[in-house]
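Hello,

Here is the structure we talked about. My notes on it follow below.

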Amino acid sequence: MNEVVCPHCKKAFKVDEAGFADLLKQVRDHEFERELLDRIEMMEKDKDNAVKLAEANTKNEFQAKVSEKDAELAELKAQRDSLVNELKAEKNAEIARLQAKVESAETEKRLAVTQAVNKVEKERDNLNNKLQTTEMEKRLAVTEAVDTIKEHYDERVSILEGDLKTANSAVALYKDMKTKLSTKMLGETLEQHCEIAFEQLRSTGAFKNAKFGKDNDASSGSKGDYIYRELDDNGVEIISIMFEMKNEADTTATKHKNRDFFKELDKDRNEKKCEYAVLVSMLEADSELYSGITDVSHEYLKTYVVRPQFFVPIITLLRNAAFSSLQYKAELALVKNQELDITKFEDTVKGVAKYLEDNYVAAHNKFDGAIKSIDEAIKKLEKTKEFLLGSEKNLRLASGKTDELSVKRLTRGNPTMAAKFTALNND
């Protein structure tokens, strides 16, 4: 047990070792905390002193730099003032010189203006006189012209009013017709327009070898509307065009576009072996792209879109281009015919060669068969020869045996036959 005296009441009390250790720990913790706080306070003071010292140093450096800059600025201001004074002196001299020039020019100008004004006033008076005369003449001419124009205007207005009434009637009739026509009837009307346009073109005496009619061959699964073909006098095709006509009422629910029909039209052109494809279309009426003849060959080869009024011009354009290349087509046909003749000759030569080859093969096979038959016959004859030679040997042996036969040898060992032959000999 340890005895501890309280520092306040001076009373002594005893504590065991565990309690004493706990008290000692509390005292040490308190001392450590107090010492830590003192150190923290000292560090804070040191930090504040360092910050103040740094601020003072920075301020002194800044003040030094400011003083240096002020000195430089004062020097620059002095140089500026010196330059300004020099420039002012030169400027004043230049201003004086220019002022003298201006005054001299002003004097000359006033003199020239006075002379010009006098001249202009004189011309003005002359022009005023002429103008008054001209005004009188003009008023008279205008009055007469207005009367004439008014008469023509009234007459023209009357004519235009009549034309407007006619146009309004035609528009009303057209609208009524469009509301009554079905989509199929619209298409048929466009087809009829093209048929009539072509017949009118044919009536001029041209296109005697041309055919324009409906494409009725649907064996491939689809067909165009019309096919145009033209041959020359030798039967060589000059040009062929697959036509498709498309129209649409303004009130149709589903609005088609021209490009919706390009793929099918190109397919029909290829299947019917036509050189060109043309879509005669009333679709997309407000489109600037399809306002006349539109070449869409960049998407589909040799394909065009035209408005109905360009139906005949597109045939004429393509036909003229085809006639330009007709000579080349004729030369190409001649070359093809020559190639065909050469091909036929080669086929004939090949046929003769094949015939000779077949006969040679057949003769060779027969020859081989005959040789084989001869070889087989030779083998048989050799066997027969061997058989005959064997028979000859046997005959020789038999003949030798026959020569060696005697009654004695035949009856040897046969007393009966020996007795008979003895009897025959005795007789």
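**Notes on the fold**

The chain has 7 helices and 8 strands in its secondary structure. Please keep in mind that this is a predicted model.

Overall figures come first. The chain holds 427 residues, and 16% of them are buried. Its exposed surface comes to about 33,500 Å², with 58% supplied by carbon and sulfur atoms. Of the contacts with a separation of 6 or more, 52% are between residues 24 or more positions apart.

Next, the sheet. Six strands form an open sheet with mixed pairing, in the order β3-β4-β5-β6-β8-β7. At its edges are β3 (210-214) and β7 (293-295), each of which pairs on one side only. On average, neighbouring strands in this sheet are turned by 20° against each other, direction ignored.

One pairing can be given in detail. Strands β6 (residues 276-281) and β8 (residues 303-306) run parallel and are joined by 4 bridges. Within this pair, V280 is opposite V306 in β8.

Helix α3 (residues 262-271) lies across β5 (237-246), β6 and β8, and runs at about 140° to β6. Helix α4 (residues 311-324) also packs on the sheet. The strands that α4 touches are β3, β4 (226-231), β5, β6, β7 and β8. The direction of α4 makes about 160° with that of β5.

Regards

Terms used: Residues numbered from 1 in each chain as written. Predicted model: local features only at pLDDT ≥ 70, side-chain atom pairs only at ≥ 80, totals over all residues. Heavy atoms only, no water. Pairing = 2+ DSSP bridges. Helix = DSSP H or I, 4+ residues; strand = E, 2+ residues; numbered from the N terminus. Axes fitted to C-alpha atoms, helices over the stretch in contact; angles between N-to-C directions. Contact = heavy atoms within 4.5 Å. Buried < 20%, exposed > 50% of the residue type's maximum accessible area, 1.4 Å probe, protein only. Areas by Shrake-Rupley, 256 points an atom, 1.4 Å probe, with all protein chains shown as cover.
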